[in-house]
Amino acid sequence: MIWPGVIAHYRKYLPETEGPTVTLLEGNTPLVPCPYLSRLLGKDIQLLAKVEGANPTGSFKDRGMTMAISHALSQDCTSVICASTGNTAASAAAYAARAGMGCFVLIPGGEVAKGKLAQAMAHGAQVLAVQGNFDAALRLVRQISSNYRVALVNSVNPYRIEGQKTAAFEICDALGDAPQFHALPVGNAGNITAYWKGFVEYHRLGLASRLPRLLGFQAEGAAPLVLGHSVPNPETFATAIRIGDPASGKQALAAARESGGQISAVSDDEIREAYQLLADKEGIFAEPASAAGVAGLLKLSSQGFFSEAGPVTITCTLTGHGLKDPDTAIGLAQAAVTIPAEVEAAVQVMRLEPVAEPSPSPPTPAD
Ligand code: F0G
(Lines give C-alpha, C1' and ligand atoms only; values in the text may rest on other atoms or scores of the structure.)
Protein backbone atom coordinates (compact mmCIF):
# COMPACT_ATOMS: atom_id res chain seq x y z
CA MET A 1 0.00 0.00 0.00
CA ILE A 2 1.22 3.48 -0.80
CA TRP A 3 0.94 5.60 2.35
CA PRO A 4 -1.51 8.45 1.61
CA GLY A 5 -0.80 10.74 4.60
CA VAL A 6 -2.57 10.86 7.96
CA ILE A 7 -5.83 12.47 6.80
CA ALA A 8 -6.55 9.92 4.08
CA HIS A 9 -5.39 6.99 6.21
CA TYR A 10 -7.36 7.91 9.34
CA ARG A 11 -10.23 9.83 7.68
CA LYS A 12 -12.91 7.94 9.67
CA TYR A 13 -11.49 9.18 12.95
CA LEU A 14 -10.88 12.81 11.98
CA PRO A 15 -13.24 15.76 11.54
CA GLU A 16 -14.13 16.39 7.94
CA THR A 17 -12.36 19.14 6.06
CA GLU A 18 -13.98 20.33 2.85
CA GLY A 19 -12.01 20.74 -0.32
CA PRO A 20 -8.54 19.50 -1.16
CA THR A 21 -6.22 17.95 1.41
CA VAL A 22 -2.88 19.68 1.80
CA THR A 23 -0.45 16.87 2.51
CA LEU A 24 3.20 15.95 2.20
CA LEU A 25 2.35 12.32 3.05
CA GLU A 26 3.26 12.82 6.70
CA GLY A 27 2.90 10.08 9.32
CA ASN A 28 3.61 6.33 9.14
CA THR A 29 6.82 6.97 11.06
CA PRO A 30 8.87 4.03 12.35
CA LEU A 31 8.51 2.59 15.85
CA VAL A 32 12.11 1.59 16.40
CA PRO A 33 13.17 -0.86 19.15
CA CYS A 34 15.91 0.54 21.40
CA PRO A 35 17.76 -2.50 22.81
CA TYR A 36 20.54 -0.60 24.58
CA LEU A 37 18.19 1.82 26.33
CA SER A 38 15.75 -1.01 27.13
CA ARG A 39 18.55 -2.81 29.01
CA LEU A 40 19.37 0.38 30.91
CA LEU A 41 15.73 0.82 31.89
CA GLY A 42 15.34 -2.64 33.36
CA LYS A 43 15.23 -6.38 32.81
CA ASP A 44 11.71 -6.79 31.48
CA ILE A 45 11.38 -3.50 29.70
CA GLN A 46 11.10 -3.00 25.98
CA LEU A 47 11.49 0.58 24.80
CA LEU A 48 10.35 1.56 21.33
CA ALA A 49 10.98 5.01 19.87
CA LYS A 50 8.36 6.68 17.68
CA VAL A 51 10.77 8.50 15.39
CA GLU A 52 8.84 11.61 14.40
CA GLY A 53 11.94 13.11 12.83
CA ALA A 54 11.00 10.89 9.87
CA ASN A 55 8.11 13.20 8.99
CA PRO A 56 8.44 15.41 5.88
CA THR A 57 9.71 18.50 7.72
CA GLY A 58 11.48 16.46 10.40
CA SER A 59 9.04 16.79 13.30
CA PHE A 60 5.66 15.63 14.64
CA LYS A 61 4.14 19.01 13.77
CA ASP A 62 3.37 17.82 10.23
CA ARG A 63 0.57 15.57 11.48
CA GLY A 64 -1.32 18.53 12.87
CA MET A 65 -0.29 20.93 10.13
CA THR A 66 -1.84 18.86 7.32
CA MET A 67 -5.17 19.21 9.19
CA ALA A 68 -4.80 22.88 10.14
CA ILE A 69 -3.70 24.04 6.70
CA SER A 70 -6.29 21.92 4.87
CA HIS A 71 -8.96 23.45 7.10
CA ALA A 72 -7.61 26.99 6.60
CA LEU A 73 -7.68 26.46 2.83
CA SER A 74 -11.28 25.24 2.99
CA GLN A 75 -12.14 28.51 4.78
CA ASP A 76 -10.55 30.52 1.93
CA CYS A 77 -7.76 31.81 4.19
CA THR A 78 -4.89 33.24 2.20
CA SER A 79 -2.33 33.32 4.97
CA VAL A 80 -1.49 31.65 8.28
CA ILE A 81 0.43 32.72 11.37
CA CYS A 82 2.13 30.96 14.28
CA ALA A 83 4.45 31.57 17.20
CA SER A 84 7.17 28.99 17.36
CA THR A 85 10.34 27.71 18.93
CA GLY A 86 11.10 26.48 15.39
CA ASN A 87 9.40 23.25 14.42
CA THR A 88 5.88 24.63 14.10
CA ALA A 89 7.35 27.41 11.98
CA ALA A 90 9.12 24.95 9.67
CA SER A 91 6.02 22.83 9.29
CA ALA A 92 3.60 25.75 8.82
CA ALA A 93 5.92 27.27 6.23
CA ALA A 94 6.14 24.02 4.23
CA TYR A 95 2.41 23.26 4.25
CA ALA A 96 1.49 26.89 3.53
CA ALA A 97 3.88 26.84 0.57
CA ARG A 98 2.23 23.65 -0.65
CA ALA A 99 -1.21 25.27 -0.33
CA GLY A 100 -0.13 28.49 -2.04
CA MET A 101 -0.75 30.50 1.13
CA GLY A 102 1.33 33.13 2.87
CA CYS A 103 2.95 32.29 6.20
CA PHE A 104 4.09 34.49 9.08
CA VAL A 105 6.15 33.02 11.89
CA LEU A 106 7.01 34.81 15.12
CA ILE A 107 10.02 33.33 16.85
CA PRO A 108 11.78 34.17 20.09
CA GLY A 109 14.70 36.28 18.85
CA GLY A 110 18.04 34.46 18.73
CA GLU A 111 16.79 31.25 20.31
CA VAL A 112 15.71 29.08 17.40
CA ALA A 113 17.89 26.21 16.15
CA LYS A 114 19.45 26.89 12.74
CA GLY A 115 17.92 23.98 10.84
CA LYS A 116 14.41 25.10 11.73
CA LEU A 117 15.05 28.70 10.79
CA ALA A 118 16.55 27.53 7.49
CA GLN A 119 13.40 25.54 6.74
CA ALA A 120 10.99 28.40 7.50
CA MET A 121 13.06 30.71 5.33
CA ALA A 122 13.48 28.21 2.48
CA HIS A 123 9.72 27.75 2.28
CA GLY A 124 9.25 31.50 1.96
CA ALA A 125 7.72 32.33 5.33
CA GLN A 126 8.07 35.85 6.64
CA VAL A 127 10.05 35.44 9.84
CA LEU A 128 9.60 37.98 12.64
CA ALA A 129 12.09 37.70 15.48
CA VAL A 130 10.29 38.94 18.59
CA GLN A 131 12.19 40.65 21.38
CA GLY A 132 10.83 38.25 23.95
CA ASN A 133 10.32 34.55 24.52
CA PHE A 134 7.90 32.03 22.97
CA ASP A 135 5.13 32.91 25.41
CA ALA A 136 5.29 36.58 24.36
CA ALA A 137 5.25 35.55 20.69
CA LEU A 138 2.19 33.34 21.27
CA ARG A 139 0.35 36.20 22.99
CA LEU A 140 1.05 38.39 19.96
CA VAL A 141 -0.17 35.88 17.35
CA ARG A 142 -3.34 35.18 19.32
CA GLN A 143 -4.15 38.90 19.34
CA ILE A 144 -3.23 39.35 15.68
CA SER A 145 -5.28 36.38 14.47
CA SER A 146 -8.31 37.57 16.49
CA ASN A 147 -8.24 40.99 14.91
CA TYR A 148 -6.81 40.51 11.42
CA ARG A 149 -7.48 38.22 8.46
CA VAL A 150 -4.95 35.49 9.10
CA ALA A 151 -5.47 31.94 10.45
CA LEU A 152 -3.71 30.80 13.62
CA VAL A 153 -2.03 27.38 13.24
CA ASN A 154 -0.53 26.90 16.71
CA SER A 155 -1.79 23.89 18.66
CA VAL A 156 -4.53 26.03 20.25
CA ASN A 157 -6.14 25.40 16.85
CA PRO A 158 -8.17 22.21 17.48
CA TYR A 159 -7.37 20.83 14.00
CA ARG A 160 -3.72 20.58 15.04
CA ILE A 161 -4.63 18.32 17.98
CA GLU A 162 -6.85 16.19 15.74
CA GLY A 163 -4.00 15.56 13.32
CA GLN A 164 -1.44 14.90 16.03
CA LYS A 165 -3.57 12.26 17.73
CA THR A 166 -2.83 9.98 14.74
CA ALA A 167 0.58 9.22 16.25
CA ALA A 168 -1.20 7.37 19.08
CA PHE A 169 -3.27 5.48 16.49
CA GLU A 170 -0.13 4.44 14.64
CA ILE A 171 1.49 3.16 17.83
CA CYS A 172 -1.57 1.02 18.64
CA ASP A 173 -1.74 -0.23 15.05
CA ALA A 174 1.96 -1.21 15.11
CA LEU A 175 1.82 -2.96 18.51
CA GLY A 176 -1.68 -4.42 18.14
CA ASP A 177 -2.53 -2.63 21.39
CA ALA A 178 -1.60 0.43 23.42
CA PRO A 179 1.71 0.28 25.32
CA GLN A 180 1.70 0.27 29.13
CA PHE A 181 3.53 3.61 29.23
CA HIS A 182 4.05 6.38 26.74
CA ALA A 183 6.72 9.04 27.33
CA LEU A 184 7.17 12.37 25.57
CA PRO A 185 8.57 15.86 26.07
CA VAL A 186 6.14 18.64 27.01
CA GLY A 187 6.44 22.26 25.92
CA ASN A 188 3.30 24.11 24.93
CA ALA A 189 1.51 20.86 25.88
CA GLY A 190 -0.43 20.30 22.65
CA ASN A 191 1.20 16.97 21.84
CA ILE A 192 0.52 15.20 25.14
CA THR A 193 -3.07 16.44 24.84
CA ALA A 194 -3.28 15.00 21.32
CA TYR A 195 -1.76 11.63 22.30
CA TRP A 196 -4.22 11.22 25.14
CA LYS A 197 -7.14 12.04 22.84
CA GLY A 198 -5.85 9.47 20.34
CA PHE A 199 -5.32 6.69 22.88
CA VAL A 200 -8.73 7.30 24.50
CA GLU A 201 -10.53 7.28 21.14
CA TYR A 202 -8.86 4.05 20.01
CA HIS A 203 -9.70 2.43 23.33
CA ARG A 204 -13.36 3.51 23.05
CA LEU A 205 -13.51 2.10 19.53
CA GLY A 206 -12.23 -1.24 20.82
CA LEU A 207 -9.04 -0.90 18.77
CA ALA A 208 -6.87 -1.00 21.91
CA SER A 209 -7.61 -3.06 25.01
CA ARG A 210 -5.99 -0.68 27.47
CA LEU A 211 -4.88 2.91 27.99
CA PRO A 212 -1.24 3.79 28.53
CA ARG A 213 0.03 5.80 31.48
CA LEU A 214 1.37 9.03 30.04
CA LEU A 215 4.75 10.26 31.25
CA GLY A 216 5.43 13.84 30.22
CA PHE A 217 8.74 15.59 30.80
CA GLN A 218 9.67 19.25 30.94
CA ALA A 219 13.14 20.73 31.23
CA GLU A 220 13.90 21.79 34.82
CA GLY A 221 14.37 25.45 33.86
CA ALA A 222 11.09 25.47 31.93
CA ALA A 223 8.79 23.33 34.02
CA PRO A 224 5.61 25.32 34.75
CA LEU A 225 3.43 22.20 34.86
CA VAL A 226 5.69 20.62 37.48
CA LEU A 227 5.99 23.79 39.56
CA GLY A 228 2.29 24.61 39.33
CA HIS A 229 2.85 28.16 38.08
CA SER A 230 4.11 29.87 34.94
CA VAL A 231 7.82 30.58 34.55
CA PRO A 232 8.54 34.15 33.35
CA ASN A 233 12.04 33.42 32.02
CA PRO A 234 12.19 29.76 30.94
CA GLU A 235 15.71 28.42 30.37
CA THR A 236 17.00 25.20 28.80
CA PHE A 237 19.40 24.27 26.00
CA ALA A 238 16.50 22.25 24.53
CA THR A 239 15.14 25.40 22.88
CA ALA A 240 12.08 23.65 21.40
CA ILE A 241 10.57 23.31 24.87
CA ARG A 242 11.75 26.61 26.35
CA ILE A 243 8.19 27.59 27.26
CA GLY A 244 7.01 29.09 30.54
CA ASP A 245 3.25 29.33 30.09
CA PRO A 246 1.92 26.39 28.06
CA ALA A 247 -1.31 27.07 26.20
CA SER A 248 -2.65 23.53 26.75
CA GLY A 249 -1.32 23.17 30.30
CA LYS A 250 -4.69 22.27 31.84
CA GLN A 251 -5.36 19.56 29.24
CA ALA A 252 -1.86 18.15 29.73
CA LEU A 253 -2.28 17.89 33.50
CA ALA A 254 -5.69 16.24 32.97
CA ALA A 255 -4.15 13.74 30.54
CA ALA A 256 -1.42 12.82 33.01
CA ARG A 257 -3.90 12.49 35.86
CA GLU A 258 -6.58 10.55 33.98
CA SER A 259 -4.02 8.13 32.57
CA GLY A 260 -2.44 7.46 35.97
CA GLY A 261 0.78 9.03 34.71
CA GLN A 262 2.65 12.18 35.58
CA ILE A 263 4.52 15.21 34.31
CA SER A 264 7.95 15.65 35.84
CA ALA A 265 11.19 17.53 35.19
CA VAL A 266 14.62 16.55 33.87
CA SER A 267 17.80 18.59 34.03
CA ASP A 268 19.69 19.80 30.97
CA ASP A 269 22.52 17.38 31.88
CA GLU A 270 20.07 14.49 31.91
CA ILE A 271 18.63 15.57 28.55
CA ARG A 272 22.16 15.88 27.10
CA GLU A 273 23.08 12.40 28.28
CA ALA A 274 19.94 10.87 26.76
CA TYR A 275 20.56 12.78 23.51
CA GLN A 276 24.05 11.31 23.28
CA LEU A 277 22.95 7.78 24.22
CA LEU A 278 20.29 7.83 21.50
CA ALA A 279 22.83 8.89 18.89
CA ASP A 280 25.81 6.82 20.14
CA LYS A 281 24.12 3.60 21.18
CA GLU A 282 20.92 3.39 19.13
CA GLY A 283 21.95 5.23 15.98
CA ILE A 284 18.99 7.58 16.32
CA PHE A 285 19.65 11.27 15.85
CA ALA A 286 16.94 13.23 17.62
CA GLU A 287 17.00 16.88 18.60
CA PRO A 288 17.69 17.83 22.24
CA ALA A 289 14.05 18.42 23.27
CA SER A 290 13.15 14.99 21.89
CA ALA A 291 15.62 13.37 24.26
CA ALA A 292 13.74 14.72 27.29
CA GLY A 293 11.39 11.73 27.12
CA VAL A 294 14.26 9.25 27.23
CA ALA A 295 16.00 11.27 29.95
CA GLY A 296 12.84 11.13 32.02
CA LEU A 297 12.44 7.39 31.59
CA LEU A 298 16.05 6.79 32.68
CA LYS A 299 15.50 9.00 35.71
CA LEU A 300 12.26 7.27 36.71
CA SER A 301 13.89 3.87 36.27
CA SER A 302 16.81 4.87 38.52
CA GLN A 303 14.21 5.78 41.16
CA GLY A 304 12.69 2.29 40.92
CA PHE A 305 9.56 3.50 39.15
CA PHE A 306 9.35 0.47 36.82
CA SER A 307 10.64 -2.18 39.23
CA GLU A 308 7.18 -3.49 40.09
CA ALA A 309 5.83 -3.14 36.59
CA GLY A 310 6.73 -6.63 35.30
CA PRO A 311 7.33 -7.10 31.56
CA VAL A 312 6.34 -3.80 30.00
CA THR A 313 6.33 -2.12 26.64
CA ILE A 314 7.17 1.56 26.79
CA THR A 315 6.88 3.81 23.78
CA CYS A 316 8.55 7.20 23.62
CA THR A 317 8.07 9.95 21.07
CA LEU A 318 11.24 11.39 19.61
CA THR A 319 9.60 14.57 18.44
CA GLY A 320 12.15 16.06 16.02
CA HIS A 321 15.21 15.19 13.94
CA GLY A 322 18.71 15.86 15.23
CA LEU A 323 19.61 17.76 12.05
CA LYS A 324 17.28 20.52 13.21
CA ASP A 325 19.96 21.67 15.63
CA PRO A 326 23.39 21.15 14.09
CA ASP A 327 25.11 23.57 16.47
CA THR A 328 24.25 21.47 19.52
CA ALA A 329 25.40 18.27 17.81
CA ILE A 330 28.72 19.75 16.74
CA GLY A 331 29.22 21.50 20.07
CA LEU A 332 28.90 18.25 22.03
CA ALA A 333 30.92 16.06 19.67
CA GLN A 334 34.63 15.42 19.25
CA ALA A 335 36.03 18.10 16.94
CA ALA A 336 37.13 17.13 13.42
CA VAL A 337 40.90 16.65 13.06
CA THR A 338 42.49 18.45 10.12
CA ILE A 339 45.11 16.42 8.24
CA PRO A 340 47.09 16.74 5.02
CA ALA A 341 45.76 14.48 2.19
CA GLU A 342 48.13 11.63 3.07
CA VAL A 343 47.47 8.04 4.20
CA GLU A 344 50.20 8.24 6.86
CA ALA A 345 48.59 11.26 8.52
CA ALA A 346 45.11 9.70 8.42
CA VAL A 347 46.07 6.31 9.89
CA GLN A 348 48.11 7.97 12.60
CA VAL A 349 45.05 9.84 13.81
CA MET A 350 42.91 6.70 13.49
CA ARG A 351 45.56 4.60 15.32
CA LEU A 352 45.13 1.77 12.81
CA GLU A 353 47.48 -1.23 12.83
CA PRO A 354 48.93 -2.17 9.43
CA VAL A 355 47.95 -5.63 8.01
CA ALA A 356 50.81 -8.17 7.62
CA GLU A 357 50.40 -8.42 3.85
CA PRO A 358 48.76 -5.47 2.16
CA SER A 359 46.00 -6.52 -0.27
CA PRO A 360 46.29 -5.13 -3.80
CA SER A 361 44.54 -1.80 -4.24
CA PRO A 362 41.06 -2.05 -5.75
CA PRO A 363 41.05 -1.33 -9.47
CA THR A 364 40.39 2.27 -10.36
CA PRO A 365 38.05 3.16 -13.24
CA ALA A 366 41.12 3.93 -15.38
CA ASP A 367 42.42 0.31 -15.12
N1 F0G B 1 9.65 18.47 20.99
C2 F0G B 1 9.92 19.30 19.97
C3 F0G B 1 11.05 18.95 19.06
C4 F0G B 1 9.14 20.44 19.78
O5 F0G B 1 9.42 21.24 18.76
C6 F0G B 1 8.09 20.74 20.68
C7 F0G B 1 7.30 21.94 20.54
C8 F0G B 1 7.86 19.83 21.72
C9 F0G B 1 8.66 18.71 21.85
C10 F0G B 1 6.78 20.03 22.71
O11 F0G B 1 5.52 19.79 22.14
O12 F0G B 1 4.53 22.01 22.57
O13 F0G B 1 3.11 20.07 21.92
O14 F0G B 1 4.17 20.17 24.17
N15 F0G B 1 7.53 22.85 19.71
C16 F0G B 1 6.67 24.01 19.45
C17 F0G B 1 7.18 24.78 18.25
C18 F0G B 1 6.42 24.84 20.64
O19 F0G B 1 6.94 25.99 18.16
O20 F0G B 1 7.79 24.18 17.37
P21 F0G B 1 4.25 20.55 22.73
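**Helix packing, domains and ligand shell in a predicted model**

Helices α12 and α13 are roughly perpendicular to each other, because angles of 65 to 115 degrees fall in that class. The model is predicted. In this model, the axes of α12 (residues 268-282) and α13 (residues 291-302) cross at roughly 105°. The two axes come within 8 Å. On the α12 side, the contact is made by Glu270, Ile271, Glu273, Ala274, Tyr275 and Leu278. On the α13 side, Ala291, Ala292, Val294, Ala295, Leu298 and Lys299 take part. By class, the residues of this contact divide into 9 nonpolar and 3 charged, with no polar residue.

The protein chain is divided into two parts. Domain 1 covers 6-58 + 160-329, and domain 2 covers 61-156. The C-alpha centres of domain 1 and domain 2 lie 22 Å apart. Domain 1 gives 41 residues to the contact, and domain 2 gives 36 residues. Four helices each supply at least two residues of the side of domain 1 that touches domain 2: α1 (6-9), α7 (158-164), α8 (166-175) and α14 (326-332). The largest share of this side comes from α7, with 5 residues. The side of domain 1 that touches domain 2 holds 15 nonpolar, 17 polar and 9 charged residues.

The ligand was examined next. Its shell lies between the two domains, because domain 1 (6-58 + 160-329) and domain 2 (61-156) both give residues to it. There are 21 residues around the ligand. Of these, Ser84, Gly187, Asn188, Thr319 and Gly320 come nearest. Helices α4 (87-99) and α9 (190-204) each supply at least two residues of the shell. By class, the shell has 14 polar, 6 nonpolar and 1 charged residues.

Beyond residues up to four places away in sequence, Arg210 touches Asp177 and Ala178. Glu16 lies 27 Å from Arg210 in space, C-alpha to C-alpha. In sequence, Arg210 and Glu16 are 194 residues apart.

Note on methods. Residues numbered from 1 in each chain as written. Predicted model: local features only at pLDDT ≥ 70, side-chain atom pairs only at ≥ 80, totals over all residues. Axes fitted to C-alpha atoms, helices over the stretch in contact; angles between N-to-C directions. Parallel < 35°, antiparallel > 145°, perpendicular 65-115°, else oblique. Contact = placed C-beta atoms within 7 Å. Nonpolar A, V, L, I, M, F, W, Y, C, P; charged D, E, K, R; others polar. Near = placed C-beta within 6 Å. Domains from an automatic or database assignment.
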